[in-house]
Amino acid sequence: MAPSAVDSKGYMTSGINEHLANGTTGGKPDLMNPHDEVHFDPKLKPKQYQIKGTDPNSKILFRDVQIIDSTGRDPFKGDVYVEGERIRYVGQVPDIKNLAKDPKVRTINGKGRTLMSGLGDAHTHFSWNNGDLGKLGDVGVEEHTLVSARSAQCYLDSGYTMCFGAASAKDRLDVVIRDAINDGLLPGPRYLANGKEMAVPDGDLVPGITAFASGPLEMRETIRHHVKLGVDTVKLSMSGEQICETRDAQECYYTDEETAACVDEAHRHGVRLCSHARARDSVKMCIKHGVDIIYHASWTDDEGMDMLEKAKHKHIVAPGLNWLVATVYEAGAFGYSFEKAEQVGYKVELEQAIKVLREMHQRGITVLPGGDYGFAWTPHGTYARDLEHFVKLVGFTPMEAIVSATAGVATLFMREDELGKVKPGYFGDLILVNGNPIDNIEVLQDHSKLDIIMINGRIHKASYKEFTRFEQPQPIMEPKEDVKLNYYIAYELDDGTKRTRIGHLDEKKGTVTPLSFLSGTPIENLYQVIEVGEENVMAGGEPFQLTDNLNVLAPISGRDVLAVGKNYSEHAKEFNASGYDSSDKVDMPTHPVIFTKRATSIIANEEDILLHEGFTETLDYEGEIGVIIGKGGFHIAEGDAEHHVWGYTIINDVTAREKQRDHKQFFIGKSADSYCPMGPLAIPKEALPRTLTVTTHVNGEQRQRGTTEDLIFSIPKLIQTLSESQTLRPGDVIATGTPAGVGFGLKPPVFLKPGDVVEVSVTGIGTLRNKVAKADPENHVTKRIAQESSIPISNLSITNGGLGLTTLRTGKKLRAVKLGSGPSSMIFVHGLGGNMSYYTPVLQQLGLNRDDQSQYTSLLFDLEGHGMSPTKATSRISIESYAQDIDDLIDVLNIPTQNGVTLVAHSMGCLVASLFASRHSDIVTRLVLIGPPPCPLPAGGADASIKRAASVRAEGMRNVAITVATGGTSAKTKAERPLNFTTVQMSLLSQDPEGYAKGCTALAGAKDLSIDFSKLGKTTKSLIITGEEDKVSPPALVQKMSETMGSVQTKILKDVGHWHVFEDVDGVTQAMKSFLA
């Protein structure tokens, strides 16, 4: 039976290993990147093969990964973004939040796993079949092609994205498989192909797979034959192999003349040479004549080592170490015993090879992994064993082994500027490892730990569960009967809208399932869950990974917490003895001690508890069970109280002890900002045991432990007491009291200080964890409270809280769209009751509706309060404010103005555009006014607008929509164009009533608007369009404006009222085309 190859620590048992701590030898320099000194002749650079099939629009984002970038630097936490074939960002990814929301970006949550470059093998045989190599030459070409294809996929399945061919069993097997991989026909790594290895007559190591040549001339001819086949490298079989028994590994079978001829011929054709060179003399011959890659090199002597060190800038060694280890210690099961391996000399060769390779590494000679896989006892798929051998036998650190297998092999490929590293601009050849190979290099051998394999920016292996989705509305679905979705967690959507959601936390999977009502409407808070009941809640979307990026909230908030003091007997005693108790001065209270904690004191799991300097020096903790009321009531009997309990959460009743003492009551000392951590979950009582246990740890030390059975006043008694004079509401929270072990009860007292971590755990609910931090004037509580407002914002829900809106420098948000990239700009302003979609058919007919058109840069936007633009109640809208919004949009969206701006406006928008043009005559060169109202607006029109605003605010849009559509369209439109008439109505009905009302008020303000149209006509080229039946802008008004402005083109549209584009889009666009030509 073969002895073990390694000792109890995993190191080689031979006496020459001489390993020290961390696998290093005393004084050995840290040679992390010896391959950086290797510089092959540029003329020998292989063809730059590209793998086809990657979608250039592919976008993949890895979040929260531990990055090994293969430069030698320590692993670091960050994100990686791959676009198309290549890595674009590493570490910090710009605009990551929006990328993560983009449905076109596939996001992978790394959850701290290791992301690194795909591995590389420097000694690859695709055509080795895991069987008897003696019969390899008898395999038919068809079967052999399948064997090679399967091997290629096995390499990629094993996380290998670069393989350097070391010989093929048939002339073109490597070439055919390489080309199929590059054409996207087969899965496999990047590959540099070889042909049959070349040996002298009778010098073959395996029958039937060798190309024979005798003398320099035949060898030159054989190399030319290989080059014609399309190989990237030619293999010379220069020494023997012990397993052959007739061809000793220490013998060299090439002459100097033959080797020199091979090198000259190969290099003249731009091809590098690799060599099977175990023997001392074969290694020296390779160095002397310039064979580029030296395989094995087991018997290198001192002279050869010195020669190699001097020439290390042009040679790479790939020892194939696993072949030796496996042949000596693991081949017995296949009929090649340890005794046989020892007899023929493999054990001695292994010991010598380890010694030689350690010396090479210490001298900075580039040694790369690649273990001659594909034999029966070195099967395909076990390639990463080489890295383990490098660490345990050769003295590499795990990082050095990884760098050699990635960046080192990239140097072998002569593509070190784009392969083998996790850096921007490099190809997206990556593996996501569920483990840390720096701590355990063997993890790379476990294919189940290779969670994601990517090559050329394309995912080769990944579970569908790896891809997270940004929460989107889902179709209504039936709730799953077999899954209880009742581990409720509150969180904020990561889209800037501050919208909140309730989800179900699956702690085992680390996922959150968004919840909804049975209608599909998302649930926003726990109050809604309590009101409708668990049976009326269902999954409202796909589960997503819970990460540190999710803003988890307290499970329920917005109300003061009802709290109970001195409700555990031992705590009541320690409190009474502490000197901080200013209540009844007895150990056991006769009635529940009730107080409240302000809603502003509530914070979430993992948020900081703030230590306010100058306020307290006695900050203390109190771990408690929080009861959540489900059914409200007044004067609830103790016997009925259980029916009023919905469920439970965890609370830390943080307290400033001296304030509690000095103020003779509890409120001040317990209601400071952040003094009520709560969560992370809320769970219905049916999902929890009847008796709950609460424990508190501070910095890992247990301080408190108690159960609900230990309460002085039971939960039903507390509910009875609280409801005797006040109505309890669903969602009210009662903190039930804390057990003994708080800070003031220790001897001596120990109070919280910055950096302390308090963890409160409750049976079945989990752990509430918060760190103590010094309070800054601006902190997470003050910032959150500062954002609160009672001022309503109208028309915000249509964009789900503001998604996709443009924020102006004033903070105002508007819906705006920028199209095209032309040097001149065209800005479209819609009218009262319209939105930017009014111009959609115009843009289409003018050819301006595409992002790629280069004639104009077009800006379309919804006026404040219109379309999808919100408006705050405090915002006073006027024609002047609309015009200022144009100014601000030009600034924020970088609309070009140097080549002039064309303004296109309709109805009330004409007043906005004209005012803007009069104030910016330096940039506005053309003006298209469609149905302009009189300016200033007559008093009658202003009064009518004020009345319309009042009507809309009182009744909504229905009556106004009918009235305006009927009065504003032509007789023909009403009689013969039902679709056009309905479009006008729909435009009006889609408006937010308050936004429309404020627009009416803005229009009424135009009675005082003064615009010098005479001056405007001199600075701009203008076109005025109106309808024959337009009552707002009748032809007579247009004629008068034309006379005032001077040289103005006009167009009167037949059978058209005031909604010109909706009624006659062809007439409008034809007039504009002529004007713009």
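1. In which sense do strand β43 and strand β44 pair, and over how many bridges? In this predicted model, β43 (residues 824–829) and β44 (residues 856–861) run in the parallel sense, and their pairing extends over 5 bridges. Within this pair, Phe828 stands opposite Leu860 of β44.

2. Helix α21, residues 908–919, packs on the sheet and touches β43, β46 (901–906) and β47 (924–930). The direction of α21 makes about 155° with that of β46. Helix α30, residues 1065–1076, also packs on the sheet. The strands that α30 touches are β43, β44, β46, β47, β48 (1021–1027) and β49, and its direction makes about 165° with that of β48.

3. The sheet itself is open and has 7 strands, in the order β42-β44-β43-β46-β47-β48-β49, with mixed pairing. Its edges are formed by β42 (816–819) and β49 (1048–1053), each of which pairs on one side only. From one strand to the next, the twist averages 15°.

4. The largest nonpolar core holds 101 residues. Those touching the most other members are Tyr254, Leu273, Ile294, Met360, Leu387 and Leu444. Once neighbours within four places in sequence are left aside, the contacts of Leu273 are Ile223, Thr233, Val234, Leu236, Cys262, Val263, Ala266, Val291, Asp292 and Ile293.

5. Another core, of 90 residues, lies apart from the largest one. Its members include Val901, Val960, Val964 and Met1045. As general background, nonpolar side chains tend to be buried together in soluble globular proteins.

Terms used: Residues are numbered from 1 along each chain as its sequence is written. This is a predicted model: local features need pLDDT of at least 70, side-chain atom pairs count only at pLDDT 80 or more; totals for chains, interfaces and linings use all residues. Side-chain values use heavy atoms; hydrogens and water are left out. Two strands pair if DSSP finds at least two bridges between them. Helices (H or I, at least four residues) and strands (E, at least two) are DSSP runs, numbered from the N terminus. Axes are lines fitted to C-alpha atoms, for helices over the stretch in contact, and angles run from 0 to 180 degrees between N-to-C directions. Contact means heavy atoms within 4.5 Å. A nonpolar core is a set of buried Ala, Val, Leu, Ile, Met, Phe, Trp, Tyr and Cys residues joined through side-chain atoms within 4.5 Å. Buried means under 20% relative accessible area, exposed over 50%, partly exposed in between (1.4 Å probe, protein chains only).
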